[in-house]
Amino acid sequence: MSIKLGMKNGKEFMASWPSYQELKTIDEDKRTIEFVFSDETIDRDKEVIKVDGWDIKNYKKNPVVLWAHNHTGLPVGRSEKTQVEEKALKGRVLFTSEDTGNSLGEAVFNLYKNKFLNCGSVGFIGLEDHWAEEREKDPKVRRTFLRQELLEYSCCPVPANPGAH
């Protein structure tokens with residue numbers, strides 16, 4: 001499910017509900033984790049975000065990783081590598097530490113490492129979407145985001161997209 005967080009340049013700023021993440025690579029020495037930020041799995045609100053519709057150009061200029069879409073708090077990390085590959089939006093997150101000025105990132109990293117956290121969520125602006133026809137009874141997909149701009153990635157405790165891994 002996507003939720004409206006606000007407006008930016010006359011467009012709705014959206015966030016998907018968090019998605020389960022299978023942590024592919026954890027580097028304890030560097031405090032990095034590789035994530036699947038988003039894929040095309042139907043989420044629990046019958047929405048899909050098309051992978052080939054991601055615009056990540058501006059995100060790469062400011063690749064923030066937040067805690068639970070908190071735009072007023074300090075970031076808990078940054079994405080060192082963000083790209084669309086293998087039908088998914090992926091990123092390698094470097095987490096902050098006390099040495100870098102925010103010990104919350106170190107705590108979040110340790111929660112992932114010890115499997116207390118397993119999911120994340122994308123914050124985005126929907127640029128183009130498609131709604132299912134009203135005449136369809138209980139459509140499998142209610143809304144499809146065709147083009148969207150990535151604004152941030154968030155570490156979150158509650159998952160919704162069971163396909164992101």
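Are tryptophan 54 and phenylalanine 124 buried or exposed? Both tryptophan 54 and phenylalanine 124 are buried (under 20% relative accessible area, with exposed over 50% and partly exposed in between, using a 1.4 Å probe and protein chains only). This is a predicted model, where local features need pLDDT of at least 70, side-chain atom pairs count only at pLDDT 80 or more, and totals for chains, interfaces and linings use all residues. Residues are numbered from 1 along each chain as its sequence is written, and side-chain values use heavy atoms, leaving out hydrogens and water.

Searching the whole structure gives seven aromatic pairs (Phe, Tyr or six-membered Trp rings with centres within 6.5 Å; planes under 30 degrees apart are stacked, over 60 edge-to-face, the rest tilted). Tryptophan 54 and phenylalanine 124 make an edge-to-face pair, 5.9 Å centre to centre with 85° between the planes. Tryptophan 54 sits in strand β7 (residues 54-55) and phenylalanine 124 in strand β11 (residues 119-131), so their pair ties together parts 70 residues apart in sequence. Strands here are DSSP runs of E, at least two residues, numbered from the N terminus.

Phenylalanine 95 and tyrosine 112 form a tilted pair, at 6.1 Å centre to centre and 50° between the planes. Ring pairs also link Phe35, Phe37, Phe95, Phe109, Tyr112 and Tyr153 into a cluster.

Now for the serine. Serine 154 lies in strand β12 (residues 143-156) and counts as buried because its relative accessibility is 0%. The side chain of serine 154 reaches the backbone nitrogen of histidine 69 at 2.8 Å.

How values were computed: Helices (H or I, at least four residues) and strands (E, at least two) are DSSP runs, numbered from the N terminus. A polar contact is a pair of N or O atoms within 3.5 Å; within protein, one must be able to donate a hydrogen and the other to accept it, and residues adjacent in sequence count only if both atoms are side-chain atoms.
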